[in-house]
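Please look over the sequence and the model shown here.

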Amino acid sequence: SIREHSRCVVCKTFDEKNLMCSICRNASYCSIACQRKNWKEHKKICRPAERNEIKLKRPTYKLPSRLKFSTNIAGRPASGDYRRPAGVAVDEIFWMKVQADMDGSTSLLLYDRTRTCTFMVLQQDVGFRELLEKVRFEGGAVGQKCHVEALFDNQGDCKVYPSTATLCRW
């Protein structure tokens with residue numbers, strides 16, 4: 001899908017009319033010159049858009065207690081669960097917030113709007129590098145975060161779509 005907000009990966013120009021990489025639809029450029037300047041680096045991670053789905057493995061660790069102060073929209077503590085969010089059907093697309101830790105290098109916190117689905121992706125986990133790149137690219141006025149589309153399949157596995165990253169969704 002086309003992102004609502006675009007920032008050039010080279011010069012950081014912010015414009016909804018920026019060009020998108022025609023192969024992965026994952027990188028935004030303000031000009032052909034910026035796209036050419038970045039191609040040597042970008043081609044290392046560029047994959048066709050239809051393969052940009054990342055299946056996140058089920059965490060084998062508990063959500064740290066320092067993060068359990070977060071509450072869901074009902075005012076109850078976040079669940080800390082890797083599970084389909086309340087009110088979301090199997091294979092239904094929903095938005096997840098991806099938030100980097102303070103130094104932005106060792107873990108990512110993912111959660112849905114209701115916070116019934118809240119889990120971490122660590123540096124060694126599949127998808128960490130791709131999601132961290134999106135968090136850093138989108139940035140944010142306060143902290144390092146972005147939103148990506150996600151779904152839980154009929155096996156209970158979470159799949160995320162980094163190419164849909166945007167700064168604001170809820």
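This is a predicted model: local features need pLDDT of at least 70, side-chain atom pairs count only at pLDDT 80 or more; totals for chains, interfaces and linings use all residues.

## Aspartate 157

Aspartate 157 is located in the loop that links strand S7 (145–152) to strand S8 (158–166). Its relative accessibility is 15%, which is under the 20% cut-off, so aspartate 157 counts as buried.

The side chain of aspartate 157 makes a polar contact of 3.2 Å with the side chain of lysine 55. Leaving aside residues up to four places away in sequence, aspartate 157 touches Lys55, Arg58, Tyr82, Leu151 and Phe152.

## The S7–S8 hairpin

Strands S7 and S8 form a hairpin, with 5 residues between them. Glycine 156, in the turn, has a positive phi of about 85 degrees. The two strands run antiparallel and are joined by 5 bridges.

Within this pairing, leucine 151 stands opposite lysine 159 in S8.

## Strand S7 and its other partner

S7 also pairs with strand S4 (residues 94–100), in the antiparallel sense and over 6 bridges. In this pairing, histidine 147 of S7 is the bridge partner of lysine 97.

How many of the residues of S7 are buried? The count is 7 of 8, and the strand is mostly covered.

Terms used
Residues are numbered from 1 along each chain as its sequence is written. Side-chain values use heavy atoms; hydrogens and water are left out. Helices (H or I, at least four residues) and strands (E, at least two) are DSSP runs, numbered from the N terminus. Buried means under 20% relative accessible area, exposed over 50%, partly exposed in between (1.4 Å probe, protein chains only). A polar contact is a pair of N or O atoms within 3.5 Å; within protein, one must be able to donate a hydrogen and the other to accept it, and residues adjacent in sequence count only if both atoms are side-chain atoms. Contact means heavy atoms within 4.5 Å. Two strands pair if DSSP finds at least two bridges between them.
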